[in-house]
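Subject: Structure handover and what was found in it

Dear colleague,

I am passing on the structure below, and I would be grateful if you could look it over before reading the notes that follow it.

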Amino acid sequence: MASADKATARHPAPPALPAGLRTAILPRDDLLDEVLLQALRFDGADLSSRRARLVDIEGCHLRAVSLAGGTLDKLTMVDSVLDHCDIANLTLSHSSLTRVEVEGCRATGLTISGALLRNVRFHGCTAEMSAFRFATLAKVEFTDCRLRGADFISADLTSAVFRRCDLTGAELSQAKARGSVFVDCTWDDVRGVSSLAGATVVHGSPLDAHAFMVGLAGSLGILLGYPEDFVDDA
C-alpha cells in the first residue's frame with residue numbers, strides 16, 4: 001500500500017503553457033531545420049512526413065495535428081501539449097521531452113528510442129508497436145494506454161508509472177525498473193518480466209494477477225502445470 005501511495009504522489013509535473021498563444025500559420029511556422037516554435041497554437045495542421053533536425057518546441061498546444069510518418073532529429077519539446085494528434089510512425093531521435101502532455105493521441109509505431117523524457121504523461125493513447133528502447137523515462141506516466149507490442153528493451157523505467165495499460169506482447173527485457181509502478185495492467189504474452197526486479201505491481205483483478213504470474217514464470221524458464229496432469233495414482 002505504501003508503494004501505491006508513493007505512486008499517487010509522484011504524478012508528472014504538468015506543462016506550463018504561456019497565456020495568449022498565437023495561432024500558428026503555415027508555412028511560416030512549419031517544422032524546419034533549426035527552427036524555434038514558441039507560444040503557438042496549432043489546430044488541425046498537417047505536419048506529417050516532415051524531416052527536420054534541431055527543432056525546438058516551447059510552450060505550444062497542438063490539437064488534432066498530424067505528425068505521422070515524420071523524422072525529427074534532436075527535437076527538444078518543453079511545456080507543450082499534444083491533444084488528440086496523429087503521431088503514428090513518428091521517429092524522434094536524440095530528442096528530449098520535458099513537461100509534455102500527450103492526450104488521446106494515435107501513436108502506433110511511435111519511435112523515441114534513446115530519448116530523455118522528463119515529467120511526461122501519456123493518457124488514453126493508442127501506442128501499439130511503439131519503441132522506447134534505451135530511453136530514459138523520468139517521472140513518466142502512462143494511463144489507459146494501449147501498449148501492445150511496445151518495445152522497452154534496456155529502457156530506464158525507474159520512476160515510471162503504468163496505470164490500466166494494455167501491455168500485451170510488450171518487450172521489457174533488460175529494462176531498469178526498480179521503483180517503477182504498474183497498476184491494473186494487462187500482462188498477456190509480455191516478455192522480459194524478470195527484468196522488473198524492484199518494481200511494484202498492483203492488481204485488482206485475479207485474472208491480471210494470473211497473467212503476470214504466467215509471464216514471470218515464462219521469463220524464468222518455469223513451466224506451470226495443471227493439477228490434473230500430475231495426479232498421484234499411488
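The protein has two helices and 15 strands, where helices (H or I, at least four residues) and strands (E, at least two) are DSSP runs that are numbered from the N terminus. Please keep in mind that this is a predicted model, in which local features need pLDDT of at least 70 and side-chain atom pairs count only at pLDDT 80 or more, while totals for chains, interfaces and linings use all residues. Residues are numbered from 1 along each chain as its sequence is written, and side-chain values use heavy atoms, with hydrogens and water left out.

Of the 234 residues, 47% count as buried, a word that here means under 20% relative accessible area, with exposed meaning over 50% and partly exposed lying in between (1.4 Å probe, protein chains only). The protein exposes about 11,200 Å², of which carbon and sulfur atoms supply 54%; these accessible areas come from the Shrake-Rupley method with a 1.4 Å probe, and for residues only the protein chains shown count as cover. Among the contacts (heavy atoms within 4.5 Å) with a separation of 6 or more, residues 24 or more positions apart account for 11%.

Leaving aside residues up to four places away in sequence, L47 touches L26, D30, L31, F42, V65, S66 and L67. The C-alpha atoms of L47 and A68, which are 21 residues apart along the chain, are separated by 7.6 Å.

Turning to charged side chains, the structure holds 15 salt bridges, each being a side-chain nitrogen of Lys or Arg within 4 Å of a carboxyl oxygen of Asp or Glu. One of them joins R53 and D73, at 3.9 Å from N to O. This pair links distant parts of the chain, since R53 is in strand 4 (residues 51–53) and D73 in strand 7 (residues 71–73), 20 residues apart. R53 itself is partly exposed, with a relative accessible area of 34%.

Another salt bridge is formed by D144 and R164, whose closest N and O atoms are 2.8 Å apart. Here too distant parts of the chain are linked, with D144 in the loop between strand 12 (136–143) and strand 13 (161–163), and R164 in the loop between strand 13 and strand 14 (181–183), 20 residues apart. D144 is partly exposed at 33% relative accessible area, and R164 is partly exposed at 45%.

The side chains of D166 and R148 also meet in a salt bridge, at 2.7 Å from N to O. Because D166 lies in the loop between strand 13 and strand 14 and R148 in the loop between strand 12 and strand 13, the pair ties together parts that are 18 residues apart in sequence. D166 counts as buried at 12% relative accessibility, whereas R148, at 35%, counts as partly exposed. Finally, E101, R121, E141 and R163 are linked in a network of salt bridges.

As for cysteines, a search of the whole structure finds zero disulfides, a disulfide being a pair of cysteine sulfur atoms within 2.5 Å. C185 is in no disulfide, and its nearest cysteine sulfur, that of C165, is 4.9 Å away. C185 is buried at 1% relative accessibility, and C60 is buried at 0%.
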